[in-house]
Amino acid sequence: MTQYLEFEKPLAEIEGKAEELRALARANEEMDVEKEAAALDKKAADMLVDMYKNLTPWRKCQVARHPDRPHCQNYIEALFTEYTPLAGDRNFADDHAVMGGLARFNDQPVVVIGQEKGNDTKTRIERNFGMARPEGYRKAIRLMELADKFGLPVIALVDTPGAFPGKGAEERGQSEAIARATEKCLQLGVPMISVIIGEGGSGGAVAFASANKVAMLDHSVYSVISPEGCASILWKDAEKMREAAEALRLTAQDLYKLGVIDQIIPEPMGGAQRDPQSAITAVGKAIQSMLTPLLKKERTDIIAERRKKFLNIGSKGLAA
């Protein structure tokens, strides 16, 4: 069953009417409603195109958070073979918000790491809604060190509202763990590709996205703070999140212009949640296109180019 976002309510009404007509026809074989239903389908399709043609930054946030978007686990299952998960940070615990391990991507041995939000109440609680604790970032560091030792490219799938802000996480060194993970990304002598598949929230995302190449799905978002958090700080009013979303420049389009990301991956009309398989296929093609040239480079060049990329961030403006 399709879950509609707030701004999609007019679309829900039209698609609902078309389904009601077809349900009546199934109950009464003498009724012929296909013509009317087809007309409603066309109207809905046109409305969908119109809605998604120029989404506001706040609406992009809503799409990026849609519960039916494919998550990290879906991408790993579809794009990687021989996936062998590795658990724990060898220090405190295994953080289920972060998943990763050894795998093959188009027969190329790699290490894949990502944040998993879960897809129902039970798994969302187990995965802590994709918000990693310090042990999650330390697990990622362990996997990146393993990749560097054995010359395996690292592929990171980013989808988190941000790092977990709980008391226990702070006591165990949340900010230090994020900083160490970011540092490790920048030190890797192997290619690293990061794809923001939903939300890229704050340092929790940067710790996985300080890569040679960073791509974003068309309707994903990437920012230093959530619009609600920004609004609460600047305006003391979380309801100002629409204005905050505009000011944060968190869309893939703005971040591409600013030079923060390298590629925008197109989504199916209506977002990845309407056609998950197409979105997953597009991400797979993008990863391959970014990874292939990097596999031919020397270790010193990989590190130097990554360093140059991040030092240059901020040199481009939206007017450039």
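Q: Which residues are buried in helix 3?
A: Ground rules first: this is a predicted model, so local features need pLDDT of at least 70 and side-chain atom pairs count only at pLDDT 80 or more, while totals for chains, interfaces and linings use all residues. Numbering runs from 1 along each chain as its sequence is written, and side-chain values use heavy atoms, with hydrogens and water left out. Helices (H or I, at least four residues) and strands (E, at least two) are DSSP runs numbered from the N terminus, and a residue is buried under 20% relative accessible area, exposed over 50% and partly exposed in between (1.4 Å probe, protein chains only). On that basis, the buried residues of helix 3 are Pro57, Trp58, Lys60, Cys61, Gln62, Val63 and Ala64.

Q: Why is helix 3 largely enclosed, and what is among the elements covering its buried residues?
A: Helix 3 (residues 57–64) has seven of its eight residues buried, so the rest of the structure largely encloses it. Contact here means heavy atoms within 4.5 Å. The cover includes helix 2, strand 5 (192–201), strand 7 (221–223), helix 10, helix 11 (241–248) and helix 12 (252–258).

Q: Which residue of strand 6 is the bridge partner of isoleucine 196?
A: Strand 6 (residues 213–217) is mostly covered, with four of its five residues buried. Strand 5 and strand 6 pair in the parallel sense over four bridges; pairing takes at least two DSSP bridges between two strands. The bridge partner of isoleucine 196 in strand 6 is methionine 216.

Q: Which residues outside its sequence neighbourhood is serine 220 in contact with?
A: Serine 220 sits in the loop between strand 6 and strand 7. With a relative accessible area of 0%, serine 220 is buried. Leaving aside neighbours within four places in sequence, serine 220 is in contact with Ala64, Arg69, Ile196, Ile197, Gly198, Leu250, Thr251, Ala252 and Glu267.

Q: How many Å separate the C-alpha atoms of glycine 101 and lysine 9?
A: Glycine 101 belongs to strand 2 (residues 98–105) and is buried, its relative accessible area being 0%. Beyond four places in sequence, the contacts of glycine 101 are Tyr83, Thr84, Pro85, Leu86, Val110, Val111, Val112 and Leu143. Lysine 9 is 92 residues away along the chain, and C-alpha to C-alpha the separation is 40 Å.

Q: How many salt bridges does the count come to?
A: The rule is a side-chain nitrogen of Lys or Arg within 4 Å of a carboxyl oxygen of Asp or Glu. Aspartate 50 and lysine 53, for instance, qualify with their closest N and O atoms 3.7 Å apart. By this rule the count is 23.

Q: Are aspartate 50 and lysine 53 buried or exposed?
A: Both residues lie in helix 2 (residues 34–53), three residues apart, about one turn of the helix. Aspartate 50 and lysine 53 are both exposed.

Q: What separates glutamate 183 from arginine 180 in helix 8?
A: Their side chains meet in a salt bridge at 3.5 Å, N to O. Glutamate 183 is partly exposed at 35% relative accessible area, and arginine 180 is partly exposed at 45%. The two sit three residues apart in helix 8 (residues 174–187), a separation of about one helical turn.

Q: Which residues do salt bridges that share partners join into one network?
A: Start with a pair: glutamate 305 bridges lysine 297, with the closest N and O atoms 3.3 Å apart. Glutamate 305 is partly exposed at 38%, and lysine 297 is partly exposed at 32%. Salt bridges with shared partners also build a network, made up of Arg65, Lys117, Asp159, Glu199 and Glu228.

Q: How many disulfides does a search of the whole structure find?
A: A disulfide needs a pair of cysteine sulfur atoms within 2.5 Å. Cysteine 185, buried at 0% relative accessibility, has its closest cysteine sulfur in cysteine 72, at 15 Å, too far for a bond. Cysteine 230 is in no disulfide either, with the sulfur of cysteine 61 nearest at 11 Å, and it counts as buried at 8%. The search of the whole structure turns up zero.

Q: What is the relative accessibility of leucine 234?
A: Ile233, Leu234 and Trp235 form a nonpolar surface patch with about 330 Å² of accessible area together. Leucine 234 has its place in helix 10 (residues 227–234). Leucine 234 counts as exposed, its relative accessibility being 58%.

Key: Patches are made of residues with over 30% relative accessible area and no salt bridge: like charges are joined within 9 Å, nonpolar side chains (Val, Leu, Ile, Met, Phe, Trp, Tyr) within 5 Å. Accessible areas come from the Shrake-Rupley method with a 1.4 Å probe; for residues, only the protein chains shown count as cover.
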